[in-house]
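Subject: Handover of a protein structure

Dear colleague,

Please find the structure below for your review. A written account of the findings comes after it.

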Amino acid sequence: MKLKADVIRWHQFSRRGDAVFRSLGREIAITTLSVATLLTATPQTAQAQTVAPRDGGSEREVQVDEVTVTASRVPMPMEQTARIVSVMTREQIKDCPAQSVNDLLKHCASVDVRQRGGFGIQTDISINGGTHDQIVILLNGVNISSPHTGHLAADLPISIDDIERIEILEGAASRVYGTSAFSGAINIVTKGSLPLTPSQGGGNPIRGSLGVNGGSFGTWGVDGNIGHAKIGMLSAGYQQSDGGTANSDFKKVRAYYQGVAGLKDVDLNWQLGLSRMDYGANTFYSGKYPNQYEENRRYMGSVSAQTKGRVVFAPTVYFNRSLDHYQLIRGTSTAENFHMTDVYGLTVNARTTWALGTSSVGADFRNEGILSSSLGRPLAEDQYVRIPGHDGYYKKRDNRTNVSYFLEHDVLLDRWTFSFGLMANMNTGLDYRYRLYPGIDISYRPSQQWKLYASWNMAQRMPTFTDLYYKSPTQEGNTGLKPERTSEFTVGTGLRLHGLKADVRLFHRHNSAMIDWVMTPDDAENDFTTYHATNFRLDNMGATLNASLLLDEWLGAESILRTFTANYSYLHQKRYDDREIVASSYALDYLRHKLVLRLDAQFCKRLGATLSYRWQQRMGSYMKYEAGTSTAQPYAPYGLLDLRLSYTGRHFDAYVEGNNLTSHRYYDLGNVLQPGFWLMAGGKWKF
């Protein structure tokens, strides 16, 4: 029974993953009154999460109607923000038929996931018709995106079991997350130190789990984590598979540590991560070469702080290193190349609340450098750098520094929210001029059940080092590329009634100097084998509709059927040139239609099921290579049906999951044939 008269409100969470739960000594349920700002990737809003009372008191459920999210430079309750922040909660992640972060994002209508292999091996992620290079990936608010290429953006040191929630900010967000947030940002928030429950030992300061999984195509893995309320969380795992198709085998190792400390005047949060992936790259970069191979290494770390008091200072220092080894023909030196990318940065934010609202200022200093056998400007012979673990040398190099200054003011009224912001940016890879990127977000709440919002924001994205320099038998970069720029306008509304959550969003994004890799009729003399990096003007416009039926509110808490959700997105593009393009690698291969349906059921206290269906139609085409010839092949629409059965016990969890139950073969990216039916099962011991 919900005690509506006893509503607990939080206006700001600490950064600790268990801060909410430690603040209460009773069972709680986190829900929300606003759909327009918190839409999950299914898109049901923050499903109830409970923790048994620690003091032995009677069990009851308390409704929490405000959760803080970051849709602007100033964290604020989600019901008062003026931007869309889609959130997938821990419970929804646990029940979702998915094996990686990439699989989770497939269930969000506005996100396009073009997966080259299973379990997050080489995946392109984009939002609302953008490309994989136009989003920022953040881990606990720290930008871990690579200037080398967005193809490696989803190479993460964490597992699904480490995640507290995933936040998706749609639309241009440069004034919030910097220049690379061209079409949106995805922030992955980990659990940090794990909360305790009486069933797990009460006062025992340590909590963790150890799990195993296995399934089709020789896939198996082990995963575990251990957490201490004062020390933090350590997580590690290993996974390997023969792959669902030829030359798609992989081995993956990862480790992650997050620490937290609450001092008198400041809260500290630090994280360290590493990942290693070796995999057959099939036809990842060209259908003409089906036996490619790649090895990736990533090392990352960051330290964040937040002071307490009327003026809040929040600095973060971070470092990322990525090592990449690629072979066009596996086991040979044909078009073989090596890259080492280093990124380090310092972000400083300050905010204070006064009579006219909350004002914030900030600065971000980010240095991006690459040593490579193929990307960058040639080095003198005495400047060559030996490649770690190999006999060769890095013979090329490039480096650029990005400096951004931020200014924002937010006004929160009973029914209105206004957010005005500005970013001034300079990048030494372009010139030393500062350019301004403003934005404004407005929301109006006629009642607690209804919300209207509108926003306008500008953004910029610098070309990646791959865009500028890469050259192979199948690709040719362009050092003359201009930075991408966009101006985006969004309007929408959300509704929350008994048993129903719904929202609709319309957007128009005007892009100048859009970057893509394309083939033109001039490439016929080379049998259409080479893609060229180029700029052109392009507009993206579309609509997203999300609806969620809360069946347990209609049928009662004892109902087997819990929720049914339906998400649909529609996109349209308009080009401003008449140049004929035979094939596009990314920008023109957008999803015209995407429909996601999901049904959640709970058969008893410990046994649940989730059935999901995804149908999509992709525009554009790819070059299909057969018998030494190439032809343009349009993408065919397809639908996939997934099912997950899960058991949640006191000390043991188990699941059985079937992906692509109809065993449909399809293409998300040219020539990369996706596997058919894939069965996985696993168990986890909790202590």
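This is a predicted model: local features need pLDDT of at least 70, side-chain atom pairs count only at pLDDT 80 or more; totals for chains, interfaces and linings use all residues.

Residues are numbered from 1 along each chain as its sequence is written, and side-chain values use heavy atoms, with hydrogens and water left out.

Overall make-up

The protein chain contains six helices and 41 strands; these are DSSP runs numbered from the N terminus, with helices being H or I of at least four residues and strands E of at least two. Of its 687 residues, 60% are buried. Buried means under 20% relative accessible area, exposed over 50%, and partly exposed in between, with a 1.4 Å probe and protein chains only. The chain exposes about 26700 Å², and carbon and sulfur atoms supply 59% of this area; accessible areas come from the Shrake-Rupley method with a 1.4 Å probe, and for residues only the protein chains shown count as cover. Among contacts (heavy atoms within 4.5 Å) between residues at least 6 apart in sequence, 64% join residues at least 24 apart.

Nonpolar cores

A nonpolar core is a set of buried Ala, Val, Leu, Ile, Met, Phe, Trp, Tyr and Cys residues joined through side-chain atoms within 4.5 Å. The largest one has 31 residues, and those touching the most other members are Y279, F284, L375, W517, M519, Y531 and M623. Elements that give two or more residues to this core include strand 17 (266–282), helix 5 (465–469), strand 31 (500–519) and strand 32 (531–550), as well as strand 37 (621–626) and strand 41 (678–686). A second, separate core of 29 residues includes C96, A98, C108 and I163.

A buried serine

S455 lies in strand 28 (residues 450–461). S455 counts as buried because its relative accessibility is 7%. Leaving aside residues up to four places away in sequence, S455 touches R83, I440, D441, E488, F489 and T490. S455 and G171 are 284 residues apart in sequence, yet 9.4 Å apart in space, C-alpha to C-alpha.

Aromatic rings

Rings of Phe, Tyr and Trp (its six-membered ring) pair if their centres lie within 6.5 Å; planes under 30 degrees apart count as stacked, over 60 as edge-to-face and the rest as tilted. By this rule the count comes to 13 aromatic pairs. One of them joins F217 and W678 edge-to-face, at 4.9 Å centre to centre and 75° between the planes. F217 lies in the loop between strand 13 (206–215) and strand 14 (219–228) and W678 in strand 41, so this pair ties together parts that are 461 residues apart in sequence. F217 is partly exposed, with a relative accessible area of 29%, whereas W678 is buried, at 9%.

The pair of Y622 and Y635 is tilted, because the ring centres are 5.0 Å apart and the planes stand at 50°. Y622 belongs to strand 37 and Y635 to the loop between strand 38 (629–634) and strand 39 (638–648), 13 residues apart. Both Y622 and Y635 are buried. Ring pairs also link W416, F418, F420 and Y444 into a cluster.

Salt bridges

Side chains of opposite charge can pair when their charged atoms come close. A salt bridge is a side-chain nitrogen of Lys or Arg within 4 Å of a carboxyl oxygen of Asp or Glu, and the structure holds 35 of them. D589 is buried, with a relative accessible area of 2%, and R114 counts as buried at 4%.

D161 and K684 also meet in a salt bridge, at 2.9 Å from N to O. D161 lies in the loop between strand 10 (142–143) and strand 11 (163–170) and K684 in strand 41, so the pair ties together parts that are 523 residues apart in sequence. D161 is partly exposed, with a relative accessible area of 22%.

K686 forms a salt bridge with D653, the closest N and O atoms being 3.0 Å apart. Both K686 and D653 are buried. Salt bridges that share partners join D161, K191, D653, K684 and K686 into one network.

Yours sincerely
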